[in-house]
Amino acid sequence: MANRVAYRTCPLCEATCGLRLEVEDGRVLRIRGDEEDPFSKGFICPKGSSLGALHEDPDRVRRPLVRRDRVHVEVSWDEAFDEVERRLTPLLDAHGRDAVAVYFGNPNAHNFGSSLAIRPLAKALGTKNVYSASTVDQMPKHVSCGLVFGHPLTIPVPDIDRTDLLLLLGANPLESNGSLATAPDWPGRLAAIRARGGRVVVVDPRRTRTAERADLHVRIRPGTDAALLAGIARALFDEGLAGAGALAPLVNGVREVREAVSGFTPERVSPFTGVPAETISDLARELASAPTAVVYGRIGTHTTAYGTLAAWLVDVLNAITGNLDMPGGAMFPHAAHEQPRRPRRAFRTGRWQSRVRGLPEVLGELPVSTLADEIETAGDGQVRALLTVAGNPALTTPDAGRLDRLLEGLELMVSVDPYLNATTRHADVILPPPSVLEKPHYDLAFTALSVRDVAHYSPPVFEREPGSPSEFEILVRLTAIAGGLGAGADPAALATASLAGRVEEAIADPSSPLHGRDAGEILSELGERPVEERLLDLMLRTGHRGDGFGADPEGLSLAALERVPHGVDFGPLAPRLPDALSTPSGLVELAPRALVADLGRLERALDGTAAGGMVLIGRRQLRTANSWTQNVPVLVRGKDACVVQLHPDDAARLGLADGALATVRSAAGTVVVPVEVTDVVMRGIVCIPYGWGHGLPGARQAVAAAHAGVNVNVLTDASATDPLSGTAVLNGIPVTVTAA
Ligand code: SF4
């Protein structure tokens, strides 16, 4: 095949950059940022240019594997599905549905085919043991937004392109490229704030690359962000600076918030957080006086004992400074495919609890921090089998060493995954999905978190290998097995039946533009594409920009998106309240009872004695996407990336020099890791990046094994959690450090 150029959205992180690929004969010659992409405008990071290497990776699993006598051997697709049925069905019959757990990894959020198929799969399994990467670090935001705005996916994002003041906490977008706030080129966008006379303030225990580019870096003790935010709120009320502005008629509970934060004077909060009281008051005044301002918090604030409180107080500050739903403040994206979020019922968590520790269900999931308990503890409902889809929990979840040991003892493990890695080495059956360049792409999740109103669709760059199913088809076949239809059921017929069901639902829904229409006519208009693309088309055409199947000939459809390979930019975000709210009152509920009550727990902690000693925090790195890009040579070359950062005073006290090996111990485990002596961390902080710890026996990732690093999650403790979300505490874990 001659040289050609293909355009696609990068699926590796939340920034959703447009890429321009030059390809020839099934190979990628070169990848550049797509300068004509209206959102990313040519921005690319080192990971984006590695998609060709991921596609061509000789270690990528291309055919199904079944483990026989502890060795993974290639089998046909039919044999692999037969093996799943042969072993799963009797297990379900003997032990019930909860005996099978599922774990959905982060890449599912970047893949509309699997996004559309994993929930039906979990439903067909009928298990309460549903886990995902969201429960590692994201559930606090879902819980707080569910309680405050009525829906856990109604998440405001910082309008960074128009703000005059950005206050970031526990976020390092120069490494992560942003999370729960989709914006290609964070470096450029942050620089633009300062270039137009605005300010960027970063609160972080570490002087991150983001902090280095800020106007002000405020050091904070790990895990205390919620107290700082409450202190800022108290200062705003005290100084008469609080007010919801034009939004006031839509906000319930400002008085209750005022009462709830009354115990958080800056002077009282200061010793707990390590932030001077004067700085807390100054931050309050800055937020109140800036023409527009926005507070944004991410992983460092969520993975703490007060994660849901921190997530909530971010939105409290945005609301009481008049910056919620305002240009330059915190705004609600409106994805083109978004369907109406009705009826208005009170958002609830804890509709069931985990069997062993009683942790709450959120969004139909249990915290993965308790998966090991559910495997290890005998009794009715004990987990005996695990299905993972694009997940590597043996590396990326708290107390991973324990989970890794327990996976080997499962009666059955099935993994949909392109690699034989730390987790899937335990799998009895591995079902490999197509490569990142063999799938079509539309961002179902991240257009709903985007700082501009955009839409992109990319067709596959390469065709799949002959006979290889799409990820959607793999998951549909697993759904058929889980639902008792057997491995021989026709996946195309099942998927088409499910599409017809979705169309019937829309036709019956009075709020849908399809209400009362003819199902046959709609199905015929959806054409003959793969079913996952027809489902996407259905969502786009019934979304708020959709063509409504003829109602608006200028409206959006998948075909219309295909005609714009660089994507469409519909403009900056527009105010959406009250329409975006789905609380029973139809208002912003700023003081939900559960959150106000939990603030008492934080207030009681304020006056406790801080434990002495060193504490562990995690670290994000630009060249890694959690655990799965470390097999790309260009992303791991250069000096050792997996090192523990120690302050020079701590290193001197411990007798550790740069490059020396240190033993880091926590209650959960021990790692031995090279030292980097640097003052980017505060005294008392021990900082290790995550996503490392490769090269385990049975894994097949040669490059990653040669750059193995250590797994920080051997040290993290799954038993300490944020009670409202069940999210494990990953920051501020007590550790000891000695020379190895
Ligand atoms: S910033 Fe994210 S989306 Fe953009 S190229 Fe890098 S990995 Fe891909």
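Predicted model: local features only at pLDDT ≥ 70, side-chain atom pairs only at ≥ 80, totals over all residues.
Started with D598, which I found in helix α23, spanning residues 593-606.

Next I asked what D598 touches once its neighbours within four places in sequence are left aside. The contacts I got are L309, D722, P723 and L724.

Moved on to the sheet. I see three strands in an open sheet, ordered β1-β2-β3, with antiparallel pairing. Which strands stand at the edges? Those are β1 (4-9) and β3 (27-33); each has a single partner strand, so one side of each has no neighbour in the sheet. I also checked the angle: on average, neighbouring strands here are turned by 30° against each other, direction ignored.

Then I zoomed in on one pair. How many bridges join β1 to β2? I have six of them, with β2 covering residues 18-24 and the two strands running antiparallel. I picked R4 and looked for its bridge partner in β2, which turned out to be V23.

Last stop, the ligand. Around it I listed C10, L12, C13, A15, T16, C17, I44, C45, K47, G48 and N177. How does that shell split by class? I get seven nonpolar residues, three polar and one charged.

Notes
Residues numbered from 1 in each chain as written. Heavy atoms only, no water. Near = heavy atom within 4 Å. Nonpolar A, V, L, I, M, F, W, Y, C, P; charged D, E, K, R; others polar. Helix = DSSP H or I, 4+ residues; strand = E, 2+ residues; numbered from the N terminus. Contact = heavy atoms within 4.5 Å. Pairing = 2+ DSSP bridges. Axes fitted to C-alpha atoms, helices over the stretch in contact; angles between N-to-C directions.
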